[in-house]
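User: I would like to learn how to read packing features in a model of this kind. Could we go through a few of them together, with the general idea ahead of each case?

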Amino acid sequence: MRSPEGAGRGDEVHASPFELPVWHELATHRAELASTSMGRLFEDDPRRGVKLSAEFDGVVLDYSKNVITDRTVDLLMRLARDRGLAAGIDAMFGGTRINTTEDRAVLHTVLRTPASESVLLDGVDVVRPVHEVLGRMSDLADAIRSGRWRGATGRSVRTVVNIGIGGSDLGPAMAYHALREFAHAEVEARFVSNVDGHDIDRVLGDLDPETTLFIVSSKTFSTIETLTNARTARRWLVDRLGDEAVGKHFVAVSTNAEQVGAFGINPANMFEFWDWVGGRYSLMSAIGLSLMIVIGPEGFREMLAGAHAIDEHFRTAAFEENLPVLLGLLGIWHRNFCGAQAFAVLPYDQRLALLPAYLQQLDMESNGKSVNRHGCPVGVDTAPVVWGAPGTNGQHAFFQMLHQGTTPVPCDFIGVLEPAHTHRVHHDLLMANLFAQTRALAFGDLDTPEPPPHRSFPGDRPSNTILLPSLTPYTLGQLIALYENKVFVQGWIWGVNSFDQWGVELGKKLATSIHEDLRSDAPPDFDSSTNALMLRYRHARRSGPVGQPSATTTGEI
Ligand code: F6P
């Protein structure tokens, strides 16, 4: 049993990491490494590739292609210790309210804690309700998959449409895309997130209302994009099947039962989660309902098991062998000591095409902060710009900049050893490209001694390689937990609250007041740029095609 009593308060470290002596030792050490090349490091130690690798439960991390030495690793480990990372991990897993600005515990790890365990929050076990909701989700998923759940006209559900945005969309959409091979043959999922009417128009376009179930997914149930899309979907359904059909074709996932009721969804069709699950950490809560319906409850539970295995590893393994800790500290090394401003995620697997966007929210919304948990300036750089695309496509797009641009970008290459298809020739080529890219980035062109400047590859461009045995619900769960915990490590070292997102509030507030003004005739009263743009839009709205309603957005503009 874990409870907050045993954990540190999680707020021992008030100051910037910059104030730690080891931070300065790392900076000095980095300067000393300036003239060291990756080629030299590999020459000096023929076992480097094996030595600077770690493996847990089938997941391999090769971090040898970074300009680091044993001393770098030692210093980074010391940074983690001096920064109280172990206490931080205990605080998170133990339910301490480390999300200080919202006074919340951070317990998304409980979503994948086995039913046989218990975790206490304010003296109450939070593992039990998690498994109760999982049970209700499984019942619905089974009923839909078997055709027992009937729509208003008696037909079975064949399409589930998840309506949500941010953490209520990116996780299930990414995982669905990744796990299509595990999907029910006759039940598909679709995702609507953007308030842009084109998004819902395209999703509804060829849908049969009689065989569609909408899942309105919103932690707060107050997100304007989601509620606008949900209202449009409801009107679309009611226009075709009548008011009575809503109960059979809409369910909700939220922490906010009151708003779900106010929207007109029967609380019996609501799947709950809790304020101690951050939006971007919520895929494994009921927010994953669309995924569970398509891959089945068993597949979903396998994903939870994979994530739990990594959580346990993160909680208990020595830092030197701890995959999330290693990834997090290497990120700190690049960001804070090598000046990297960006970080690229490069899955060599088309099924992981949506992973970069998912990790972008996870990393940038968690750690894109300038003040620490105590409201003081962080004093060091925090989250990098996270981006990426699957290989090999990226090679024919932006890899030019990775190889020869002026700004080195550390990369995570992600490969899957065993594909789900039988086109061996494709997979060999794909993996050959992955290995070739990391080698070219690290060492440059070893075969051309004196290339002309435009053909020269400087090398010394850092990358990690992560290998999964295959892509299954279990290994996807591992991968997600690996990055969630990596982001935690970095946030803890920087001293930021990785679990709030106040930076998105101003835009929401301004959009509300601009939205009101767009619909009025009064002169807008913002800055001269915004006013002119608004007037141009108002003019187009009155006279142009934007004013012409589409089939589904009637009355929304
Ligand atoms: O505005 C940002 C955000 O709050 C994200 O953190 C969250 O994932 C997303 O909006 C959606 O929020 P909700 O699930 O409450 O609709």
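Analyst: Let us begin with contact, which means heavy atoms within 4.5 Å. This is a predicted model, in which local features need pLDDT of at least 70 and side-chain atom pairs count only at pLDDT 80 or more, while totals for chains, interfaces and linings use all residues. Residues are numbered from 1 along each chain as its sequence is written, and side-chain values use heavy atoms, with hydrogens and water left out.

User: Which residues is R112 in contact with, leaving aside its neighbours within four places in sequence?

Analyst: They are M284, L304, A307, H308, D311, A481 and E484. R112 itself has its place in the loop between helix 5 (85-94) and strand 3 (120-121), where helices (H or I, at least four residues) and strands (E, at least two) are DSSP runs numbered from the N terminus.

User: Is R112 buried or exposed?

Analyst: Buried means under 20% relative accessible area, exposed over 50%, and partly exposed in between, with a 1.4 Å probe and protein chains only. R112 has 3% relative accessibility and therefore counts as buried.

User: Which side chains does a polar contact join to that of R112?

Analyst: A polar contact is a pair of N or O atoms within 3.5 Å; within protein, one must be able to donate a hydrogen and the other to accept it, and residues adjacent in sequence count only if both atoms are side-chain atoms. The side chain of R112 is joined to that of D311 by a polar contact of 2.6 Å, and to that of E484 by one of 2.7 Å.

User: How should I read two packed helices?

Analyst: Two packed helices are described by the angle between their axes and the distance between the axes. Axes are lines fitted to C-alpha atoms, for helices over the stretch in contact, and angles run from 0 to 180 degrees between N-to-C directions. Here the axes of helix 7 (residues 170-178) and helix 14 (residues 355-367) come within 9 Å and cross at roughly 155 degrees. That makes helix 7 roughly antiparallel to helix 14, given that angles under 35 degrees count as roughly parallel, over 145 as roughly antiparallel, 65 to 115 as roughly perpendicular and the rest as oblique. In this contact L170, G171 and M174 of helix 7 meet L355, A357, Y358 and Q361 of helix 14.

User: How many residues of helix 7 are buried?

Analyst: Helix 7 is mostly covered, with 7 of its 9 residues buried. What covers these buried residues includes strand 6 (188-192), helix 12 (289-316), helix 14 and helix 17 (473-494).
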